[in-house]
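This report goes through one protein model, starting from a single residue and moving out to the whole chain.

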Amino acid sequence: MYEEVVRARGHENVSAEHASTFEVTSDDWLTPAGDCILAVEADRTPEDFDDDFVAACQDESATITAIVEVEDDDGETYQQTVEGSGHPDLTFEGDRSHVGRTSDYVDDRTILVGADAAAGDFDRDLVAALADGGDVTFTLRVE
């Protein structure tokens, strides 16, 4: 198993309504149109990931797990886990954002395909904590 951890934060415009993707971006801003974005100001992007992690994700039989954990102002922690698959075309060359997809579409931002959830499926209490600007830990594991 390989693991990569990204730190980010929520934003007041997080709505998490997108039906086919979820995203964590290194951008420090978010407009209401970004309905797939869960967190901003990511301290790492896919291009920062270890080569062994990337190689493991390029196996179609790989299971990639994304864990979004956010802590609100009261110290309450919320967590959501999304599982998807690897793909031979995953490059992890994105320099701005991490995108999980329910489809099998791949570009340089894609971190997993065939996700069992998109932003719109996330727990609404977790989304509220994201919209309040909570601290986010975004963990990716590949097996």
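## Surroundings of His87

Apart from neighbours within four places in sequence, His87 is in contact with Cys57, Gln58, Asp59, Glu60, Asp104, Val106 and Val113. The model is predicted.

His87 sits in the loop between β5 (77–85) and β6 (97–101). His87 has a relative accessible area of 16%; buried means under 20%, so His87 counts as buried.

## Fold and dimensions

Two helices and eight strands make up the secondary structure elements of the protein chain. Their order along the sequence is β-β-β-α-β-β-β-β-α-β.

Along the principal axes, the C-alpha atoms of the protein chain fill a box of roughly 40 × 25 × 25 Å.

## Contacts and burial

Taking contacts in the protein chain between residues at least 6 apart in sequence, 68% join residues at least 24 apart. Of the 143 residues, 48% count as buried, and His87 is one of the buried residues.

## Surface and charge

The protein chain has an accessible surface of about 6700 Å². Carbon and sulfur atoms account for 36% of that surface.

The protein chain carries 8 positive and 37 negative charges.

Notes:
Residues numbered from 1 in each chain as written. Predicted model: local features only at pLDDT ≥ 70, side-chain atom pairs only at ≥ 80, totals over all residues. Heavy atoms only, no water. Helix = DSSP H or I, 4+ residues; strand = E, 2+ residues; numbered from the N terminus. Buried < 20%, exposed > 50% of the residue type's maximum accessible area, 1.4 Å probe, protein only. Contact = heavy atoms within 4.5 Å. Areas by Shrake-Rupley, 256 points an atom, 1.4 Å probe, with all protein chains shown as cover. Lys, Arg positive; Asp, Glu negative; His and termini not counted. Charge placed at Lys NZ, Arg CZ, Asp CG, Glu CD.
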